[in-house]
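Keep the viewer open and follow along.

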Amino acid sequence: MMSVFIGRFHPVFVHLPIGILLFAALLFFASKKKKFEAVSTAVAPALAVGSFFSILSCITGYLLSISDAYNESIVFKHQWLGIATAITSIVCYIAYQKKFKYAGALIVVLTALIIITGHNGGNLTHGEDYLTAPLLNTKSDKKVIANINEAIVYKDVIEPILAAKCYSCHGDSKQKGKLRLDLPNYIIEGGEEGKVLTPYQPGSSELINRLLLPTSNEEHMPPKEKPQLTKDEVALLHWWIESGANFTAAVKNTKQTAAIKGLLASFSNSAGVNGDGANTSSGASILPTKNASPIAAVLLTQ
């Protein structure tokens, strides 16, 4: 559809008004100093161009929002913040041209709207914890589990992997391909292209097949610009599906190969394991640093 095609230009257009309007605000306040008075002639053109692209951003943003599945409440907020930004930019242009004495205050409001709208758009695209996640998780994404045998496979092993690598596109905020992976019932339901997993059959599960495609393939998930799953994470997902993709089963009640036992053992010593699955403590390595675990190596050569 043409509307979908046009909507995909939103990421292109949305950055132009942000940069141009912020530049206009910088020029406006710089022109208040005597030595920079000359730049005042560029303020009005910058506001005009920024306003034009802000309108294009609103249009393409709306088309994008109806072409894919996003969290409606976040889209609603972002949409109206974007419209408010576009209207305010036009008002700022008129106020500046008319030499309205409160033009400076309006430009301050415009700057605040740009920042808030941009942040909200980032949350919509990357997840609501996108900005704070690095501050809240300075070590490993891996959950420390005191007794791995008593742990629930999905809740304690699989869900953290999906949360870290999949929720930004398939979570509460955004559902690319109408697929959500943040709750069991959504995982079972699948997306617009059908089911993504078949219990006991990882080879027939799209969730696994997409992960194993080359990153250059457009169908590969996650997209190559996103954080990728490690080989061991893929192996754990494969094992979970092969075991029946049960959402309530405990680790002790599942069949485990020696390789999987090694991967699971690392959860009891996560403080000494880095993101690649290598033990960074002074002791012996739990998982290989450079080479994939045996089961992962098999998976990645299929």
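Predicted model: local features only at pLDDT ≥ 70, side-chain atom pairs only at ≥ 80, totals over all residues.

Does Tyr200 count as buried or exposed? Tyr200 has a relative accessibility of 59%, and because the cut-off for exposed is over 50%, it counts as exposed. You will find Tyr200 in the loop between helix 9 (184-189) and helix 10. Its backbone deserves a look too: Tyr200 has a positive phi of about 75 degrees, although it is not a glycine.

Ala245 is not a glycine either, and its phi is positive, at about 50 degrees. Ala245 sits in the loop between helix 11 and helix 12. Is Ala245 buried or exposed? With a relative accessibility of 7%, Ala245 counts as buried.

Pro222 is placed in the loop between helix 10 and helix 11.

Now step back to the whole chain. It has 13 helices and 2 strands. Of its 302 residues, 42% count as buried. If you take the contacts with a separation of 6 or more, 64% of them are accounted for by residues 24 or more positions apart.

Where do the nonpolar residues gather? The largest nonpolar core has 33 residues, and those with the most contacts inside it are Ile148, Ile158, Leu236, Leu237, Trp240 and Leu264. Helix 7, helix 10 (206-212), helix 11 and helix 12 (258-265) each supply at least two residues of this core. Which helix gives the most? That is helix 11, with 7 residues.

Setting aside neighbours within four places in sequence, Leu236 is in contact with Val157, Ile158, Ile161, Ile260, Leu263, Leu264 and Phe267. Away from this region there is a second, separate core of 14 residues, which includes Leu21, Leu27, Leu47 and Tyr96.

Let's look at the helix pairs themselves, starting with helix 7 (residues 153-165) and helix 11 (residues 231-242). Their axes come within 11 Å and cross at roughly 130 degrees. Helix 7 and helix 11 are therefore oblique to each other. The crossing of helix 7 past helix 11 is left-handed. On the helix 7 side, the contact is made by Val153, Tyr154, Val157, Ile158, Ile161, Leu162 and Lys165, and on the helix 11 side by Glu233, Leu236, Leu237, Trp239 and Trp240. Sorted by class, the residues of this contact are 10 nonpolar, no polar and 2 charged.

Helix 11 also meets helix 12. The axes of helix 11 and helix 12 come within 11 Å and cross at roughly 115 degrees, and this crossing is left-handed. Here Asp232, Ala235, Leu236 and Trp239 in helix 11 meet Ile260, Leu263 and Leu264 in helix 12. The contact of helix 11 with helix 12 has 6 nonpolar, no polar and 1 charged residues. Leu236 takes part in the contact with helix 7 and in the contact with helix 12, so keep an eye on that side chain as you turn the model.

Gly50 is in helix 3 (residues 43-67). How much relative accessible area does Gly50 have? The value is 0%, and Gly50 is therefore buried. Not counting residues up to four places away in sequence, Gly50 touches Pro17, Ile20 and Leu21. Leu21 is also one of the residues of the second core.

Ala112 belongs to helix 5 (residues 103-126), and with a relative accessible area of 34%, Ala112 is partly exposed. Ala112 and Leu22 are 90 residues apart along the chain, and their C-alpha atoms are separated by 10.0 Å.

Conventions. Residues numbered from 1 in each chain as written. Heavy atoms only, no water. Axes fitted to C-alpha atoms, helices over the stretch in contact; angles between N-to-C directions. Helix = DSSP H or I, 4+ residues; strand = E, 2+ residues; numbered from the N terminus. Parallel < 35°, antiparallel > 145°, perpendicular 65-115°, else oblique. Left-handed = near helix turned anticlockwise from the far one by under 90°. Contact = heavy atoms within 4.5 Å. Nonpolar A, V, L, I, M, F, W, Y, C, P; charged D, E, K, R; others polar. Core = buried A, V, L, I, M, F, W, Y, C linked by side-chain atoms within 4.5 Å. Buried < 20%, exposed > 50% of the residue type's maximum accessible area, 1.4 Å probe, protein only.
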